[in-house]
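Me: I would like to learn how to read a structural model feature by feature. Could you take me through one, giving the general idea before each case?

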Amino acid sequence: METPDGAVYTYGDLEGLSGAYARLLSGLGVAAGDRVAVQVEKSPQAVFLYLACMRLGAVYLPLNTAYRREEISYFLADAEPRVVVVAPERQAEVNGLIAGGRWCVRHVLTLAGNGDGSLAEQSGAAEPGYPIAPSTADDLAALLYTSGTTGRSKGAMLTHGNLGSNALMLHRLWGWRPGDVMLHALPLFHTHGLFVAINCVLLNGSGMLFLPRFDAADVVRLLPRATVFMGVPTFYTRLLDSPELTEEACRNMRLFTCGSAPLPERTFEDFRQRTGHRILERYGMTETGMNTSNPLDGERIAGTVGLPLPGVEVRIADGEGHPVTQGETGMLEVRGPNVFKGYWRMPEKTADEVRPDGFFITGDLARVDEKGYVSIVGRGKDLIISGGFNVYPKEVELAIDGLDGVEESAVIGIPHKDFGEAVTAVVKRASGRGGVTEKAVITALKEKMAAYKVPKAVHFVEELPRNSMGKVQKNQLREQFGDSQR
Ligand code: AMP
């Protein structure tokens, strides 16, 4: 593993340092099943800490660095970690949080710093290596809180069996081979950067160019030294903005994958034209790891998330869990060794979302074509019901995105006195391609689709709001434009 400041860690270092961290944590009383909450900036030390927890059979609980005091307080109270590891500037705040409360947090540590008694510093004096506690496939390995745009955030309990089965499958399916080098630019607090990326690298014994965050210039500069890159859609749109992204820059690359949010077909096509690479889109979520993937060899179809992974069953169902007719849109449900054990201390929520036959209700609406390729139509909660008709936002977004002068769009439903909900579009104009207007969008769409699907209003924004994984934050748009119906 190599960082931009020139630090290099070998697999020997990884073994020694993760062992030293495990020894230190064990000395603080961390044992199998204990949670270790971690809110730190991305660094190689964070990878060692993740592995230290795996060695101990402890439960790794990564937290988004964007979370603030209130949110942290909720996670600590809910997960009851024994140890919390935070950035140095957060240590006093978290110590303050737990002081005097009924907390089972015993220690608040920092990870890496200079001369501050952090885990990394102490590990220098600790004996390297540590025995690996045996874990069964059913034992908890990690607790990942869902982004929770509605209601309280839920802790998804992931087992060693979940992580192991998914990593082994992706490693095989995506053809990992000797000599592969991963260019890693994703955050480490989310399933994508942590499990999909890191576990494949570790299984393969691969090298990794490790960036602290995504930066298009850094990625383009390092691409010639890499063979595999994993991104969210915004990474790809930003890379395309860089004139240095060329076929030559990608000469050693064999695989670009994309997920966590829908990859626009236009981005897929622009990337193919520029680099000669067809981005491999796949689909997964916190609770399940990866579920489907476009094939390594064979047709990668833009706008689809590919085929179910071997061993993972996908069914498109109606509200009762009965399969719908092939080709129809319904709720995507999955079953397999990748599906989580349930929500932490929320048995009723788990029972609501897992059917008695073991299928997990993903909350995503999807359909399957005759070749078995899955297309995600949108989140179920984003479905718009206007005048009693179902409107799938994705269908309207695709039509708007195809119009001249449009960069991208998001379609939401907002309360309306006659229709219940009114289809509303929020559009980012394409720079330098004329000023598309509300009237132009509505007129063009009336030609293409039934009137009930055509937006009643079109708003223009500089940027669509996205979270760090590139997902458009539709709840924010609903708040912003919720009163705008005329
Ligand atoms: P998270 O639990 O944060 O990983 O979010 C999972 C959700 O992201 C899924 O339920 C989907 O709604 C969405 N998602 C992930 N990958 C894709 C994809 N390739 N296309 C469309 N949506 C995706």
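Reply: Let us begin with burial, since a residue is called buried when its relative accessible area is under 20%. Please keep in mind throughout that this is a predicted model. With that cut-off in hand, strand 3 (residues 83-86) is a clear case, for both of its faces are covered: Val83 and Val85 on one side, and Val84 and Val86 on the other, are all buried.

Me: Which strands pair with strand 3, and in which sense do they run?

Reply: The general idea is that strands of a sheet pair through backbone hydrogen bonds, either parallel or antiparallel. In this model, strand 1 (residues 35-39) runs parallel to strand 3 and is joined to it by four bridges, with Val36 having Val83 as its bridge partner in strand 3. Strand 4 (residues 107-110) also pairs with strand 3 in the parallel sense, over four bridges, and here Val84 has Val108 as its bridge partner in strand 4.

Me: What is the strand order of the open sheet of seven strands?

Reply: The order is 8-7-9-10-11-12-13, and the pairing is mixed. Strand 8 and strand 13 (307-308) stand at the edges with a single partner strand each, so one side of each has no neighbour in the sheet. Strand 7 (residues 181-184) and strand 8 run parallel and are joined by four bridges, and Leu183 stands opposite Leu209 in strand 8.

Me: Turning to the aromatic rings, how many aromatic pairs does a search of the whole structure find?

Reply: The search finds 18 aromatic pairs. To read any one of them, take the distance between ring centres together with the angle between the planes, where under 30 degrees counts as stacked, over 60 as edge-to-face and the rest as tilted. Tyr67 and Phe75, at 4.8 Å centre to centre and with 45° between the planes, form a tilted pair. Tyr67 is buried with a relative accessible area of 14%, and Phe75 is buried as well, with a value of 3%.

Me: Why is the pair of Phe214 and Phe235 called stacked?

Reply: Their ring centres lie 4.1 Å apart and their planes meet at 10°, so the pair is stacked. Phe214 belongs to the loop between strand 8 (207-210) and helix 8 (216-222), whereas Phe235 belongs to helix 9 (residues 233-240), so the pair ties together parts that are 21 residues apart in sequence. Phe214 and Phe235 are both buried, and they belong to one aromatic cluster together with Phe229, Tyr236, Phe256 and Phe271.

Me: Which rings have a charged end sitting over them?

Reply: Here one looks at where the charged end lies relative to the ring centre. The charged end of Arg254 sits over the ring of Trp176, 6.0 Å from its centre, and the charged end of Lys456 sits over the ring of Phe419, 4.5 Å from its centre.

Me: How many cavities of 30 Å³ or more are there, and what lines the largest cavity?

Reply: A cavity is space where a probe fits but cannot get out, and the count comes to two of 30 Å³ or more. The largest cavity holds about 120 Å³ of space and is lined by 14 residues, of which Asn162, Leu163, Asn166, Phe195 and Gly289 lie nearest its centre. Helix 6 (160-173), helix 7 (191-204) and strand 12 (289-293) are the elements that give two or more residues to this lining, and helix 6 supplies the largest share, with five residues. By class, the lining has seven nonpolar, seven polar and no charged residues.

Me: How do the residues lining the second largest cavity divide by class?

Reply: They divide into six nonpolar, three polar and two charged, with Glu281 and Arg300 among the residues of that lining. About 40 Å³ of space lies in this second largest cavity.

Me: What is the volume of the second largest pocket, and which helix gives the most to its lining?

Reply: A pocket, unlike a cavity, is an open set of points, and the second largest pocket has a volume of about 470 Å³. Of the 17 residues that line this pocket, Tyr50, Leu51, Met54, Asn199 and Leu202 are the closest to its centre. Helix 1 (11-27), helix 2 (44-56), helix 6 and helix 7 each supply at least two residues of the lining, and helix 6 gives the most, with five residues. By class, this lining has 11 nonpolar, four polar and two charged residues.

Conventions
Residues are numbered from 1 along each chain as its sequence is written. This is a predicted model: local features need pLDDT of at least 70, side-chain atom pairs count only at pLDDT 80 or more; totals for chains, interfaces and linings use all residues. Side-chain values use heavy atoms; hydrogens and water are left out. Rings of Phe, Tyr and Trp (its six-membered ring) pair if their centres lie within 6.5 Å; planes under 30 degrees apart count as stacked, over 60 as edge-to-face and the rest as tilted. Buried means under 20% relative accessible area, exposed over 50%, partly exposed in between (1.4 Å probe, protein chains only). A charge sits over a ring if NZ of Lys or CZ of Arg is within 6 Å of the ring centre and within 35 degrees of the ring normal. On a 1 Å grid over the protein atoms alone, a cavity is a set of points where a 1.4 Å probe fits but cannot get out, and a pocket is an open set with protein on both sides within 12 Å along at least five of seven lines; lining residues have an atom within 4 Å of a point. Grid points are joined across faces, edges and corners, and a volume is the space filled by probe spheres set on the points. Ala, Val, Leu, Ile, Met, Phe, Trp, Tyr, Cys and Pro count as nonpolar, Asp, Glu, Lys and Arg as charged, and the others, Gly among them, as polar. Two strands pair if DSSP finds at least two bridges between them.
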